[in-house]
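This report is meant to be read with the coordinates open beside the text. It moves from the contact between the two chains to the local geometry within each of them.

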Amino acid sequence: MLTKRIIACLDIKDGRTVKGVNFEQIRDAGDPIELGAFYASQGVDELVFLDITATIEGRKTLSALVNKIAHRINIPFTVGGGIKTEEDVRVLLQNGADKISINTAAFLDPSIISRFAKQFGSQCIVLAIDAKCEADNQWYVYLNGGRTKTDKLVVDWAIEAVGLGVGEILLTSMNHDGTKQGFALDITAQLAENLPVPVIASGGGGTAAHFYDVFTKGKADAALAASIFHYKELAIPELKQYLNQKGVAIRI
Amino acid sequence: MNLTIIQYNAGNIQSVLYALERVGVSATVTDDPALIQTSDKVIFPGVGEASTAMAYLKERNLDQLIVSLKQPVLGICLGMQLMCRHSAENDTNCLGIFDEQVLAFKATEKTTKVPQMGWNNIRNLKTDLFNGVSENSFAYFVHGYYAGLGTNTIATTDYIEEYSSGLHKNNFYGVQFHPEKSAELGEQIIQNFLALKS
C-alpha cells in the first residue's frame with residue numbers, strides 16, 4: 001500500500017541550516033548534509049532543502065551543496081528557493097536533486113511550469129503555495145515568502161498549475177505556520193480531494209495527533225515540518241510508530 | 001569489478017552513480033558499446049518518457065546492444081519498462097526482453113493520484129536479487145506506467161492493481177522502484193545485484 005510520507009524541511013542560508021539545535025548523534029546540526037543524513041537514518045521519507053540565501057554568490061554554492069547532499073543521502077529530496085529558469089532547474093537536477101520546488105516565479109509567469117514539465121517531467125516539479133485565510137473565509141495565494149498578497153484563490157491557482165504540469169503541491173498555511181496548533185485541515189482536504197497530484201501539508205504540525213488529523217481529515221498525501229523536528233519536540237521514529245498504531249499507512 | 005551504467009537521454013543517472021559510491025563501488029557512465037559489452041555488470045537506469053528514450057537508443061544501436069548482453073543487467077524504472085515488449089506510453093515498441101506489457105495507471109474513485117509517488121511495499125519476492133529482503137519491505141516509486149504480471153514477475157506491488165515491481169529473465173533483471181533512493185533496502189538490492197554471478 002502506498003504510504004503517507006513524513007517530510008523534514010531544512011532552511012539553508014549560505015550553505016548552513018538556519019534552524020536546528022544540536023543532536024547528540026551528529027557533530028554539526030548547522031551542516032545540512034549531516035542533519036539531512038541524520039533524519040534519513042531516523043526514517044524520514046523525504047527531505048526538502050529550501051534555500052533562503054539572497055545573494056548571487058551564495059546561490060552558486062547551492063549547486064555544490066546539492067551535489068554533496070546527493071552523494072550522501074539515500075532517500076528522495078527536493079530543492080527550492082529562488083528557482084526561475086530552465087538553467088536553474090537543470091543545474092540542480094544534474095547535481096542530484098530529485099525534485100525542485102517553485103513558488104513566486106511560477107505565479108508571475110505560469111508558462112515556466114509547462115516549460116519545466118516538458119523538459120524535465122512533471123514528477124520533479126513541485127509547486128509551493130503560501131496560503132492565507134482572510135476575513136472573508138477564503139484562502140488566498142501569497143508571494144515573496146508571504147509578504148505579498150494576491151487576489152488569486154488557492155484552489156484556482158492549484159488547479160491551473162496542475163493543468164500546466166505541476167506534479168505535486170506543497171501547501172503552507174500562513175495562518176497555522178509556527179503555531180504548533182495543527183495543520184489547516186479544510187484547505188488541505190479541498191486540494192487533496194480535488195487534484196490528481198499529491199498534496200503535501202505544511203504549517204502548524206506540533207504533535208503526532210496533528211499529523212494523524214492531516215492524513216485522515218485533511219486527506220494529505222504527505223506532511224512536512226521543520227522546527228518541531230529540529231528542536232526535538234517530536235522525534236520521527238515515535239511519530240511514525242504512533243501513526244502506524246493508529247492505522248495510518250506509513251513506512252516503518 | 002568492472003561496472004557500466006548505460007548513458008542515454010534519461011534522468012537519474014547521477015543518483016544511481018552516487019548510490020553505487022555509497023556502497024563502495026565505482027562505475028563508468030558510458031554509451032560506448034565496447035565498454036558496455038566487456039563490463040562485468042550493466043545498469044540501465046532511467047527516468048523519462050518511453051518513445052523518446054527508445055528513439056535515442058535506436059539511433060545509437062544501443063537497443064541491439066542491450067538485448068545481446070550476456071552479463072547481469074539491471075534495469076531501473078523506465079529502464080525496466082523499456083526492457084518489456086511494448087509500452088502504452090505513446091504506443092512504443094520496446095526491447096522485448098520481458099514479455100510483459102507496460103500499461104498506464106488509470107485513476108479510480110478510490111485511488112485518484114497518478115503517477116504513483118512515494119513508498120510502497122514489495123512482496124512475492126523471488127531470485128537472489130532480493131536476498132535478505134523481507135516481504136513487504138518499502139521501496140520508493142515514481143511512475144505513471146506499470147508492467148503487468150507475467151511469467152517473469154519476481155516482485156509485486158499494489159497500486160490501483162497488483163503489478164510487477166520486479167522482473168527477471170536469464171541475465172536480465174528489472175525493478176520498477178528506485179533502489180538508489182530506497183534507503184537501506186535499496187542498498188541491499190544494489191549489493192545483491194553486484195553479488196550476482198556472471
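What follows describes a predicted model, beginning with the interface and then taking chain B and chain A in turn.

Contact between the chains involves 29 residues of chain B and 23 residues of chain A. On the chain B side, the elements that each supply at least two residues are α1 (13-22), β8 (116-122), β9 (137-143), β11 (153-159) and α6 (183-195). The residues of this side of chain B comprise 13 nonpolar, 10 polar and six charged ones.

Helix α6(B), one of these contributing elements, has 13 residues and spans 19 Å from its first C-alpha to its last, close to the 18 Å expected at 1.5 Å a residue. Its buried residues are Ala183(B), Leu185(B), Gly186(B), Gln188(B), Ile189(B) and Ile190(B). These buried residues pack against α1 (32-41) of chain A, and also against α1, β9 and β13 (172-175) of chain B, so that the helix has buried contacts with elements of both chains.

**Strand β13 of chain B and its partners**

Strand β13(B) is covered on both faces, with Phe172(B) and Gly174(B) buried on one side and Tyr173(B) and Val175(B) buried on the other. As a general rule, the side chains of a regular strand alternate between the two faces of the sheet. Strand β4 (residues 73-76) of chain B pairs with β13(B) in the parallel sense over four bridges, and within this pairing Ile76(B) stands opposite Val175(B). Strand β12(B) likewise pairs with β13(B) over four bridges, but in the antiparallel sense. The two strands β12(B) and β13(B) form a hairpin with two residues between them, and Asn170(B) in the turn has a positive phi of about 50°.

Which residue of β13(B) is the bridge partner of Gly166(B)? The partner is Val175(B), a residue that also stands opposite Ile76(B). Gly166(B) itself belongs to strand β12 (residues 161-169) of chain B and counts as buried because it has 26 C-beta neighbours inside 10 Å. Apart from neighbours within four places in sequence, Gly166(B) is in contact with Ile122(B), Leu129(B), Ile154(B), Ala155(B), Gly174(B) and Val175(B). Gly166(B) and Asp99(B), 67 residues apart in sequence, are separated by 13 Å from C-alpha to C-alpha.

**Backbone geometry in chain B**

Most residues other than glycine have a negative phi, and most peptide bonds are trans. Against that background, Asp91(B) has a positive phi near 45° and is placed in the loop between β5 (84-87) and β6 (92-93) of chain B. Is Asp91(B) buried or exposed? Asp91(B) counts as exposed because it has 9 C-beta neighbours inside 10 Å. Ala183(B) also has a positive phi, near 50°, but lies in helix α6 of chain B and is buried, with 23 other C-beta atoms within 10 Å. A further feature is the cis peptide bond from Val114(B) to Pro115(B), with omega near 5°; Pro115(B) is placed in the loop between β7 (98-104) and β8 of chain B.

**Hairpins and a helix pair in chain A**

In chain A, strand β6 (residues 125-133) and strand β7 (residues 139-143) pair in the antiparallel sense over four bridges, with Lys132(A) opposite Tyr140(A). Strand β7(A) is joined in turn by three bridges to strand β8 (residues 148-153) of chain A, again running antiparallel, and here Leu143(A) stands opposite Thr148(A).

| Hairpin | Residues between strands | Turn residue and its positive phi |
|---|---|---|
| β6(A) and β7(A) | five residues | Asn137(A), about 65° |
| β7(A) and β8(A) | four residues | Asn144(A), about 50° |

Two packed helices are described by the angle between their axes and the distance between the axes. The axes of α3 (residues 86-94) and α5 (residues 111-120) of chain A come within 10 Å and cross at roughly 35°, and the crossing is right-handed. At this contact, Glu86(A), Val89(A) and Leu93(A) of α3(A) meet Arg115(A), Phe116(A), Gln119(A) and Phe120(A) of α5(A). By class, the contact has four nonpolar, one polar and two charged residues.

How values were computed:
Residues are numbered from 1 along each chain as its sequence is written. Chains are lettered from A and ligands numbered from 1 in the order in which they are written. This is a predicted model: local features need pLDDT of at least 70, side-chain atom pairs count only at pLDDT 80 or more; totals for chains, interfaces and linings use all residues. Two residues are in contact if their C-beta atoms, placed from the backbone, lie within 7 Å. Ala, Val, Leu, Ile, Met, Phe, Trp, Tyr, Cys and Pro count as nonpolar, Asp, Glu, Lys and Arg as charged, and the others, Gly among them, as polar. Two strands pair if DSSP finds at least two bridges between them. Axes are lines fitted to C-alpha atoms, for helices over the stretch in contact, and angles run from 0 to 180 degrees between N-to-C directions. A crossing is left-handed if the near helix is turned anticlockwise from the far one by less than a right angle, and right-handed if clockwise. The expected span of a helix is 1.5 Å times one less than its number of residues. A residue is buried if 20 or more other C-beta atoms lie within 10 Å of its own, exposed if 12 or fewer, and partly exposed in between; C-beta atoms are placed from the backbone.
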